[in-house]
Amino acid sequence: MQPFTTLTSTPAPLKVINVDTDMIIPKQYLKTIKRTGLGTALFSEMRYKDDGSENPDFVLNQPAYRKSEILVAGDNFGCGSSREHAPWALLDFGIRCVISTSFADIFYNNCFKNGILPIVVSPEDLEKLFDDADRGSNATLTVDLEKQQITGPDGGTVSFDIDPFRKHCLMNGLDDIGLTMEKAPKIEAFEEKLKQRAWA
């Protein structure tokens, strides 16, 4: 998993509340167990017209936001089913950070397991960040995980809270497998003791 330390990007404003996981990645794309290749299907029902062409009104199709790595979204992001394909699709598109006032619990947890930083801010701070995002390519946000701070294009800052363990995992690029591998020396030592007992 790629470590997350600081991230600077033009933020994309998605001013929609209750974005559920079916909106993030529709059910017809859930057949794969690969974490790659889902970026083109991200928000597909909003991104594409019925004929498969791009919807020019959708934010991620607009030139300023095509390469956004930060998504500023409305309340209750990631609600609905527990599909892990939702963070997979966001990450495959290039989104490394989602900012909202609230997230569904399962989606929130899945983000950390896949190297995405979900940030909870107050409604007032979200409005400021929407204002920044509305400025398009003329504005960037910088997310500093170590300082737990978002810096806007005019130098203003927004602080955020994060669980210390989750912060450690993101900053060091540790998913569940990586956490287990950190304990490899202790596991090997324990197994060696078991062998010695078996031979005794």
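The model described here is predicted.

Helix α4 spans residues 105–113, and within it F107, Y108, N110, C111 and F112 are buried. These buried residues pack against several other elements, namely α1 (21–24), α3 (85–93), β5 (117–120) and α6 (164–171). Just after the helix, G115 adopts a positive phi of about 85 degrees.

A pair of aromatic rings is described by the distance of the centres and the angle of the planes. Across the whole structure, a search finds 6 aromatic pairs. In one of them, the ring centres of F77 and F107 lie 5.4 Å apart and the planes meet at 70 degrees; the pair is therefore edge-to-face, since that class requires an angle over 60 degrees. This pair connects distant parts of the chain, as F77 belongs to the loop between β3 (70–73) and α3, whereas F107 sits in helix α4, 30 residues apart. F77 counts as buried because its relative accessibility is 0%, against a limit of under 20%. F107, with a relative accessible area of 2%, is likewise buried.

A second pair, Y108 with F112, is also edge-to-face, with 5.1 Å from centre to centre and 80 degrees between the planes. Because Y108 and F112 are 4 residues apart in helix α4, about one helical turn separates them. In general, an α-helix has 3.6 residues a turn, so residues three or four places apart point the same way. Both Y108 and F112 are buried.

Methods: Residues are numbered from 1 along each chain as its sequence is written. This is a predicted model: local features need pLDDT of at least 70, side-chain atom pairs count only at pLDDT 80 or more; totals for chains, interfaces and linings use all residues. Side-chain values use heavy atoms; hydrogens and water are left out. Buried means under 20% relative accessible area, exposed over 50%, partly exposed in between (1.4 Å probe, protein chains only). Helices (H or I, at least four residues) and strands (E, at least two) are DSSP runs, numbered from the N terminus. Contact means heavy atoms within 4.5 Å. Rings of Phe, Tyr and Trp (its six-membered ring) pair if their centres lie within 6.5 Å; planes under 30 degrees apart count as stacked, over 60 as edge-to-face and the rest as tilted.
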